[in-house]
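Here are my notes on this one, in the order I went through it. Have the viewer open while you read.

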Amino acid sequence: MTPLNITTHYSLLEGLSKPQQIIDRCKELGYTSCAITDHNSISGCVGFFKAAKSAGIKPILGVTYDIEGFDDILKIWFLYLTLQTMSL
């Protein structure tokens, strides 16, 4: 299993955990890969990537953007898959 929609504390009012805490929990659960998709921010990507690599977990970096100008806010998810994460 690979969690694909986790937000860090950089997603204001949505996420609570620091990137290292997320990786520590993934390690406890035996996950081999994990993704973060912070809301309108990529601030957690560097810390998440470094923590994941040092723990032997394949990092998947992503972001959820709000795009205004529609009747409702359109949410778009982007997952940045690196060559190392393509072999999930």
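1. Start with Asp38, which sits in strand β1 (residues 33-39). Helices (H or I, at least four residues) and strands (E, at least two) here are DSSP runs, numbered from the N terminus. Before you go further: this is a predicted model, where local features need pLDDT of at least 70, side-chain atom pairs count only at pLDDT 80 or more, and totals for chains, interfaces and linings use all residues. Numbering runs from 1 along each chain as its sequence is written, and side-chain values use heavy atoms, with hydrogens and water left out.

2. Is Asp38 buried or exposed? Asp38 has a relative accessible area of 1%, so it is buried (buried is under 20%, exposed over 50%, partly exposed in between, using a 1.4 Å probe and protein chains only).

3. Which partners does the Asp38 side chain have? A polar atom of that side chain lies 2.6 Å from the backbone nitrogen of Thr8, and the Asp38 side chain also makes a polar contact with the side chain of Ser11, at 2.9 Å. A polar contact is a pair of N or O atoms within 3.5 Å; within protein, one must be able to donate a hydrogen and the other to accept it, and residues adjacent in sequence count only if both atoms are side-chain atoms.

4. Beyond its neighbours within four places in sequence, Asp38 is in contact (heavy atoms within 4.5 Å) with Ile6, Thr7, Thr8, Tyr10, Ser11, Gly44, Gly62, Val63 and Thr64.

5. Now the helices. The axes of α1 (residues 19-29) and α2 (residues 45-55) come within 8 Å and cross at roughly 30°; axes are lines fitted to C-alpha atoms, for helices over the stretch in contact, with angles from 0 to 180 degrees between N-to-C directions. The two helices are therefore roughly parallel to each other (angles under 35 degrees).

6. As for who touches whom, Pro19, Gln20, Ile22, Ile23 and Lys27 of α1 meet Gly47, Phe48, Ala51, Ala52 and Ala55 of α2.

7. Asn40 counts as partly exposed, at 43% relative accessibility.

Key: Angles under 35 degrees count as roughly parallel, over 145 as roughly antiparallel, 65 to 115 as roughly perpendicular and the rest as oblique.
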